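Please look at the model shown below. The paragraphs after it go through some of its helices and strands in turn.

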Amino acid sequence: MRRRLPLPPIRATAALVAGLLLPLALWAGFAGRWGVAILAPLLGAAMIGLAGQVVRRRQLEADHAELAAYHARTQSEAARHQGELRQEVARREAVEAELRTSREQLRLVLANAPLLIFTLDRAARITLLEGQGAERLGMETRGLVGQPVRALTGGHDVLDDAVERAMAGETLWVSTDFHGVPFEFHHRPLLDGDGRVTGLVGVALDISERGQVERLKREFMASVTHELRTPLTSILGALGLLSGGAMGELSPSARRLLDIARSNGERLLALVNDILDLEKVDRGELAFRFRDVDLNTLLQQAVDAHEPYAAQYRATLELVPAPGEPCVRADPDRILQVLANLISNAAKHSPEGGTIRVLAEPRGERIEVRVEDEGPGIPEATRKQLFQRFTPAAASGRGGGSGLGLAIARALVERHGGHLDYVNYAEGGACFFFDLLRTDPP
């Protein structure tokens with residue numbers, strides 16, 4: 001705002017002039033000097049005008065000084081803002097350059113990764129498709145972005161089901177042949193800040209080489225176990241003859257050593273047989289003889305056969321048969337093998353004086369078989385590894401184990417069209433259960 005000088009100096013000048021010239025004019029008029037009387041007011045007006053000009057000049061000088069100061073301040077502020085703007089522009093340019101570099105690195109990684117990476121939006125349309133996995137499949141990926149996912153999967157039932165489940169919020173792995181190549185697909189839902197599914201990200205990995213390595217490993221294990229089984233059988237036979245007195249009476253210490261050697265030999269032979277059985281299951285070479293069998297009779301055989309084993313751990317077996325005369329479609333020898341594994345595991349984990357219950361209950365068209373113990377239960381962290389081969393969780397317990405029994409048991413149950421799993425009871429203990437197809441009694 002412009003500053004104005006006050007006007008009192010002009011009024012003061014006018015009052016001073018009037019005080020000096022008015023008496024002079026009156027005196028001149030009485031004295032008859034009319035020239036002086038006429039000049040006195042003119043002189044006063046001139047003096048008043050001159051004073052006004054001085055005041056206006058001073059006001060103009062003050063305004064000019066104020067404008068000069070404002071201009072200087074404005075230039076200073078403009079220079080400061082320009083400096084800040086240049087710094088912000090330089091910072092943004094650096095960030096954009098770093099972002100461009102990161103994007104280019106990400107593009108190169110995605111483009112050259114031996115994977116097939118894709119993302120879908122909420123409507124299951126492809127929003128990203130990168131990786132060399134498409135070249136491995138001989139696929140043309142141009143033009144697929146923006147298309148429905150079925151343009152990529154080609155109506156593959158397993159993959160379409162996996163996408164549907166992932167869009168519902170489930171994270172899952174799927175292994176399947178895709179365009180004749182074994183692939184492993186990982187689907188994970190994309191969630192917003194409120195936890196709502198906005199799409200999914202999928203990664204497909206060619207597992208052809210992994211399959212070749214697994215095949216070589218299985219062939220090596222099969223070869224080794226075959227070579228071990230024959231001498232082990234001979235060794236156990238010789239130990240049995242010695243224990244039976246074929247070479248004469250043995251001292252107590254010698255008999256104890258023979259019993260230890262025979263027990264360890266039998267345990268090693270059981271491991272060899274487990275490996276061979278699992279290898280046969282993987283190759284589909286394990287023979288199954290399915291027929292209609294009475295389930296309660298089968299369960300009674302398993303309980304009777306393992307009562308001595310449970311007694312070693314001071315546990316008792318209790319059978320709760322299914323009502324009526326339930327008949328199932330199964331290979332009795334393989335089901336007895338499954339029950340042998342579950343009952344022996346329950347015995348190893350049961351406390352002294354504990355009870356192992358073997359139960360069967362109808363479930364619609366199937367019958368569920370359960371083996372319950374009163375042990376400490378199974379840590380939830382081991383669930384994913386429990387049915388895998390040679391895992392510590394599967395080989396735990398007082399009697400140890402090979403870590404193969406549960407893997408074989410699950411594979412045998414799946415060949416019967418069922419599923420083997422377990423639950424922990426809140427009051428303690430674990431329950432392993434599987435189901436079999438129910439049939440009409442013969």
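Just after helix 7, Gly284 has a positive phi of about 70 degrees. Helices (H or I, at least four residues) and strands (E, at least two) are DSSP runs, numbered from the N terminus. This is a predicted model, in which local features need pLDDT of at least 70 and side-chain atom pairs count only at pLDDT 80 or more, while totals for chains, interfaces and linings use all residues. Residues are numbered from 1 along each chain as its sequence is written, and side-chain values use heavy atoms, with hydrogens and water left out.

Helix 7 itself consists of 32 residues and spans 47 Å from its first C-alpha to its last, close to the 46 Å expected at 1.5 Å a residue. The expected span is 1.5 Å times one less than the number of residues. Among the buried residues of helix 7 are Leu258, Gly265, Leu269 and Asp274; buried means under 20% relative accessible area, exposed over 50%, and partly exposed in between (1.4 Å probe, protein chains only). The buried residues of helix 7 pack against helix 6 (208–243), helix 9 (332–349) and helix 11.

Two packed helices are described by the angle between their axes and the distance between the axes. The axes of helix 7 (residues 252–283) and helix 11 (residues 405–415) come within 10 Å and cross at roughly 35 degrees. Such axes are lines fitted to C-alpha atoms, for helices over the stretch in contact, and angles run from 0 to 180 degrees between N-to-C directions. Which residues of the two helices meet? From helix 7 there are Asp274, Leu278 and Val281, and from helix 11 there are Ala407, Ile408, Ala411 and Leu412. Contact means heavy atoms within 4.5 Å.

An open sheet is formed by 5 strands in the order 2-1-5-4-3, with antiparallel pairing; two strands pair if DSSP finds at least two bridges between them.

Strand 3 and strand 4 pair over 7 bridges in the antiparallel sense, and Phe178 stands opposite Val181 in strand 4. Strand 4 (residues 181–191) also holds Glu184. Glu184 is buried, because its relative accessible area is 15%. Leaving aside neighbours within four places in sequence, Glu184 is in contact with residues including Trp173, Ser175, Leu205 and Arg210.
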